[in-house]
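Q: I am new to this and would like to learn how to read it. Could you take me through some features one by one?

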Amino acid sequence: MNPVKIIKLIVFALAVLAGMAYPASKIIRFEFPGQPPAVYRFRTGIVDPFDPFRGRYVVLRPLPSEVQIPNKGFDPKYAVLGLDEKGLATVTDLTEAPVKGRDCVRLESAYFQNWNKEKPSYGITLPFDRFYLNEELAPEAEKAFNEAIRKGDDVCVIKVNIYQNGDYAIEDLEIEGMPIHQYLKQSTRKE
Amino acid sequence: MSKEHNSMRWLLTELPVLREKQIIDAPTHDRLNDHYRARLAAAPSPQNLWMMVLVGLGACMIAGGVISLLAYNWDMLPKACRIFIALLPLLGGAACGAYTIVNDKDARWRECSAVLTMAGVACFTALISQIYHTGGTLRDFIMLVLLVTLPLLYVFRSYFYAGLYCFGLFFLEPYDFDLVNWAFLAGVLPFLFYHLFRDYRSAQATFARYLTLPLLIFVLMSDFPVLSGLLIIAATVYIGGIIYSRKGIDFFRNPWLFCGWIVLTVALLISTYTNDIRKSLFYDFSNCQWIFLLPILLGGLLPALLLCTARRNGKRVLDNPELLVVAAAYLLPYMALFLDGSLMRWLCNLYLLCLGITLTASGIRHRSLLFFNAGIIQIAALATCRFFDSEFSMLVRGTAFIVLGAAFIVANVIIGRRFKKNAGGEA
């Protein structure tokens, strides 16, 4: 084989490997973490849009979106997670970096709201905003959610694996304590 | 392309006849034969070009289909199985690419390999994100795909990949232009320059000329001083278009000529209209990044460069005065920094008039109705704009328009006949 061909093959192989590198590193981080992830359940709202590359999904509006703590004097980057009395996820503190020994998640955004002097708070956006479903199930999920939400705001939750480095992977979307696929199957049977 | 290809083939069949009749001698025959056979081999035949376009389009459609099929979300399958399925398009693209390189396959295979590998990377990245329900913006996703697949452009010399890459650039939020965007833009430039300067008659050079236009729009969408930039870029593109036109590149293979002309004319017309628009046209240079000033500063040297080149080639500058007049557009943003608003407005009027007259004269000199009409349209557009500025009655306006229109048609007929007569006389 001539040298030009060999160089082309090497460059091509490197390009293919580079293309695999990022998704592969993601798989490794999620499937083989140094420490097993902590599982949290967040209250959430959902709507059903579309992504041309990744297909149908439901947009999640995870809660809490507001944390009542005084002004920190810096731009918070991470939310320290805890559990409320119902066992659902809540944010106990906002920090600049992950806190060792505590479960943290990197925030999408955080801003201080000083309009209420008595109850100063931060408006936060948690990063989990998408749950992918196939195109037949996504509209059904939105419909099921709209019916279930009348029973209370804890009925729809997302189950999220939180890793030590602040990474996350959504494991499932649950309505009334049931995984979404199971819930939709059951509601179809009832109809 | 087809005409040129057929002409070369015809000439090759004629060479033995010319030699037999002793019009050319044996060494000349051999030299001509070698020269045109080499050119014929280098230039893909029209059939092959069409085939390449169809195969490229097919590859793009297959890639789109695979992405849609996998984006359906086969959540009934186990996770490991879905990860493996997500990897399949990339493995397919890699196999196709390796086969193409090892067996030195033609352009059709190269196009297929580049597009399928790019789609494979996009698919794998997107589906892993889908499987783990992680977020991420479209900008980050496109950036990653463009970055890791850029070597495919040079390994496979793929025109479809180049087109997709340029399309992808528009997802990098050009309004928020930074050095990263410049770096991505720079990635495709060697490919474009290579094809622009290697053989300007080839189909590849035509493709490169077309591809530069969206790239220039990409640059203009940044915080480049928009209208000043528009003038300078339009002037550059137009100069390129005139040079290619003088080298015999026809209208449809030379998009720079029309695009440069229309954008330059419209930008100048806007700048001649009011002082307010003049202000927005030549707005504060200090707001933009230093890197945007570079082409403007370098552009100021273009008139001098053109003069030097013309002298070196032993040509009189007056042979192509329109090049110098167009290049003078580079000086307008500089002048706007020092001149008063209304003075600048009248200078732009004068400049557009000069440009129109020069083009009309050039059209007559080079016997080109295209240039002649381009110049006449510029003068007529300028006159029309000034006409609406003034307080003439409808009667006067109507008459003037009829006279202008009639003059336009008569001038075309007269010049057209003159060109025909001259051509007949020469024949």
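Q: Is B:F251 buried, partly exposed or exposed?
A: Start with the scale: buried means under 20% relative accessible area, exposed means over 50%, and partly exposed lies in between (1.4 Å probe, protein chains only). B:F251 is partly exposed, because its relative accessibility is 35%. B:F252 reaches 64%, so B:F252 counts as exposed.

Q: What should I know about the model itself?
A: The model is predicted, so local features need pLDDT of at least 70 and side-chain atom pairs count only at pLDDT 80 or more, while totals for chains, interfaces and linings use all residues. Residues are numbered from 1 along each chain as its sequence is written, chains are lettered from A and ligands numbered from 1 in the order in which they are written, and side-chain values use heavy atoms, leaving out hydrogens and water.

Q: How many aromatic pairs does the structure hold?
A: Rings of Phe, Tyr and Trp (its six-membered ring) pair if their centres lie within 6.5 Å; planes under 30 degrees apart are stacked, over 60 edge-to-face, and the rest tilted. Over all chains there are 19 aromatic pairs. Take B:F167 and B:F171: their planes stand at 80° and their centres are 5.5 Å apart, so this pair is edge-to-face. B:F251 and B:F252 are also edge-to-face, because their planes stand at 90°, with centres 5.4 Å apart.

Q: Are B:F167 and B:F171 buried, partly exposed or exposed?
A: B:F167 is exposed, because its relative accessibility is 54%. B:F171 is at 32%, so B:F171 is partly exposed.

Q: Which residues form a ring cluster in chain A?
A: Follow the ring pairs from one residue to the next. They link A:Y40, A:F42, A:F128 and A:Y168.

Q: Which charged residue lies over the face of B:F371?
A: A charge sits over a ring if NZ of Lys or CZ of Arg is within 6 Å of the ring centre and within 35 degrees of the ring normal. B:R246 takes that place, 4.6 Å from the ring centre of B:F371. A lysine does likewise elsewhere: the charged end of B:K247 is over the ring of B:Y200, at 4.8 Å from the centre.

Q: Where is B:T360, and what is it in contact with?
A: Helices (H or I, at least four residues) and strands (E, at least two) are DSSP runs, numbered from the N terminus. B:T360 belongs to helix α17 of chain B, residues 341-365. With a relative accessible area of 10%, B:T360 is buried. Contact means heavy atoms within 4.5 Å. Setting aside neighbours within four places in sequence, B:T360 is in contact with B:F371, B:F372, B:G375, B:I376 and B:I379.

Q: How many residues are in the largest nonpolar core?
A: In soluble globular proteins, nonpolar side chains tend to be buried together. A nonpolar core is a set of buried Ala, Val, Leu, Ile, Met, Phe, Trp, Tyr and Cys residues joined through side-chain atoms within 4.5 Å. The largest one here has 68 residues, and B:F124, B:Y132, B:Y161, B:Y165 and B:L169 have the most contacts inside it. A second core is separate, with 39 residues, including A:V91, A:F131, A:A141 and A:L184.

Q: What does B:Y132 contact, leaving aside its neighbours within four places in sequence?
A: Read both chains here. From chain A come A:I27, A:F30, A:E31, A:A169 and A:I170; from chain B come B:K79 and B:I83.

Q: Which strands does β12(A) pair with?
A: Strands of a sheet pair through backbone hydrogen bonds, either parallel or antiparallel. Two strands pair if DSSP finds at least two bridges between them. Strand β12 of chain A (residues 168-175) pairs with strand β11(A) (residues 156-162) over seven bridges, in the antiparallel sense. There A:L173 stands opposite A:I158. Five residues separate these two strands in their hairpin, where A:G166 has a positive phi near 95°. β12(A) also pairs antiparallel with strand β13 (residues 178-179), over two bridges. A:E174 has A:P179 of β13(A) as its bridge partner. That hairpin has two residues between its strands, and A:E176 in the turn takes a positive phi of about 50°. Seven of the eight residues of β12(A) are buried.

Q: What is the strand order in the open sheet that contains β9(A)?
A: The order is β4-β9-β8, with three strands paired antiparallel. The edge strands, pairing on one side only, are β4 (66-67) and β8 (109-113) of chain A. Five bridges join β8(A) to β9(A) (residues 121-125). In one of these strands, β9(A), A:Y122 is the bridge partner of A:F112.
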